[in-house]
Amino acid sequence: MKKFVILGGGYGGLTIALNMLEKDLPEDTILELIDRSPFQGLKTEYYALASGTIAETHIRVAYPDDPRLLLTYGEVSSVDLNNKQILFADKEPISYDWLVIGLGCVDSYHGIIGAAEHSSSIQTLAQTRATYQRINNIAPYGQVSIIGGGLSGVEMAAELRESRSDLNIRLIDRGPSLLSAFPSNLQQYVREWMTEHHIELRTQVSLVRLDGGDLYNQDEIIRTDATIWTAGIQPNPIVEALNVPKDRQGRIVLNEYHQIAEYPEVYVVGDCASLPFSPSAQAAQAQGKQIVEAMQAIWKGDTPRLGKIKLRGTLGSLGKKSGFGIMGKRTLMTGKIARMLKSGVLWKSKRHFG
């Protein structure tokens with residue numbers, strides 16, 4: 001029997017598993033999904049779990065219950081591309097004939113001293129649980145500082161305000177404005193919302209060191225009771241260790257079929273893949289569907305014909321009652337409608353509708 005192994009059950013990996021099961025798998029091929037968790041966590045909603053506005057069960061998605069899918073749980077230590085093996089710290093290696101690497105990302109601390117040791121994360125479920133506990137233990141009128149004024153930082157600050165009206169919340173970014181990748185009028189809407197809800201905005205802050213509750217903006221010391229890091233990501237260390245071509249962000253360079261050119265039996269999906277747009281759940285799902293198309297063509301002896309990935313837009317929340325978004329390239333949305341659309345996307349994700 002041959003094995004098609006999916007390494008990582010995130011947005012890309014789960015999309016591939018679901019789409020594979022909808023197709024005709026070759027009779028001599030086993031489909032195997034490897035993850036450290038027995039369910040997918042909807043990472044785009046981790047900010048709400050960390051803030052305490054939802055229970056963890058609200059963002060768990062069950063893996064498919066199908067006799068054609070083998071589920072394996074464990075902590076992967078490395079991938080041996082030459083010998084086609086996935087290695088674990090506490091169990092025997094697993095061999096593959098085809099592999100999808102969808103291991104996601106970790107925080108990027110940009111070389112800032114003490115950032116890893118003195119900040120909390122929302123990158124994994126385990127880290128998010130710990131962040132929730134850290135926030136929950138802060139006494140009334142305590143100070144929380146969120147580092148990074150991108151989508152994750154903005155959503156985290158807004159949701160935390162809804163959860164803890166007693167806390168002082170500060171959003172820090174090194175750039176001149178929040179949400180620098182978004183249009184200026186949308187940035188202004190979010191700034192006004194933050195001001196109205198008493199969230200302190202600090203831009204053009206150049207952190208050089210974190211030491212306990214002290215954040216060093218060059219010579220200025222910014223005091224805080226808790227620091228939450230949302231200031232950038234980088235590929236998983238397992239991907240970092242692979243000796244294959246990568247882009248400046250450390251993501252793996254792929255051919256037109258999402259394969260590693262030197263190892264065409266290996267696909268890469270999601271945050272570890274070098275793509276012409278920023279990493280997102282939407283991009284990983286779109287890419288996952290194309291990987292299935294490519295494999296189906298290969299199994300039939302055909303040359304894959306993949307179209308250009310087109311993203312629909314970006315949605316963000318400001319608590320449970322407001323939000324913002326861009327649909328297509330130009331259409332901007334703010335307020336309740338944008339928030340309702342994001343809730344709809346979450347509803348679909350939990351039910352395997354994309």
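Is glycine 148 buried or exposed? I looked it up in this predicted model: the relative accessible area of glycine 148 is 6%, and the cut-off for buried is under 20%, so I can call this residue buried. I then checked where it sits: glycine 148 belongs to the loop that links strand E11 (143-147) to helix H4 (151-163).

Next I asked what glycine 148 touches. Leaving out residues up to four places away in sequence, I got Gly153, Leu171, Ile172, Asp173, Thr230 and Ala231. I also checked leucine 179: it is 31 residues from glycine 148 in sequence, and their C-alpha atoms are 9.3 Å apart.

The largest nonpolar core has 61 residues, and Phe4, Ile16, Met156 and Met194 have the most contacts inside it. I picked methionine 156 and listed its contacts, again skipping residues up to four places away in sequence: Tyr47, Ala50, Ser51, Ile122, Ile135, Ile146 and Ile228. There is a second, separate core too, with 25 residues, including Ile238 and Leu254.

I looked up the second largest pocket, which holds about 250 Å³ of space. Its lining has 13 residues, and Glu256, His258, Leu275, Pro276 and Ile309 lie nearest the centre. Sorted by class, I get six nonpolar, five polar and two charged residues in that lining.

An unreviewed UniProt entry puts "domain: FAD/NAD(P)-binding" at residues 3-288. Over residues 3-288 I noted 24% helix and 29% strand, with the end C-alpha atoms 18 Å apart.

Conventions. Residues numbered from 1 in each chain as written. Predicted model: local features only at pLDDT ≥ 70, side-chain atom pairs only at ≥ 80, totals over all residues. Heavy atoms only, no water. 1 Å grid on protein atoms, 1.4 Å probe; cavity = no way out; pocket = protein on both sides within 12 Å on 5 of 7 lines; lining within 4 Å. Points joined across faces, edges and corners; volume = space filled by probe spheres on them. Nonpolar A, V, L, I, M, F, W, Y, C, P; charged D, E, K, R; others polar. UniProt positions renumbered as here; feature names shortened; annotations may be inferred. Helix = DSSP H or I, 4+ residues; strand = E, 2+ residues; numbered from the N terminus. Buried < 20%, exposed > 50% of the residue type's maximum accessible area, 1.4 Å probe, protein only. Contact = heavy atoms within 4.5 Å. Core = buried A, V, L, I, M, F, W, Y, C linked by side-chain atoms within 4.5 Å.
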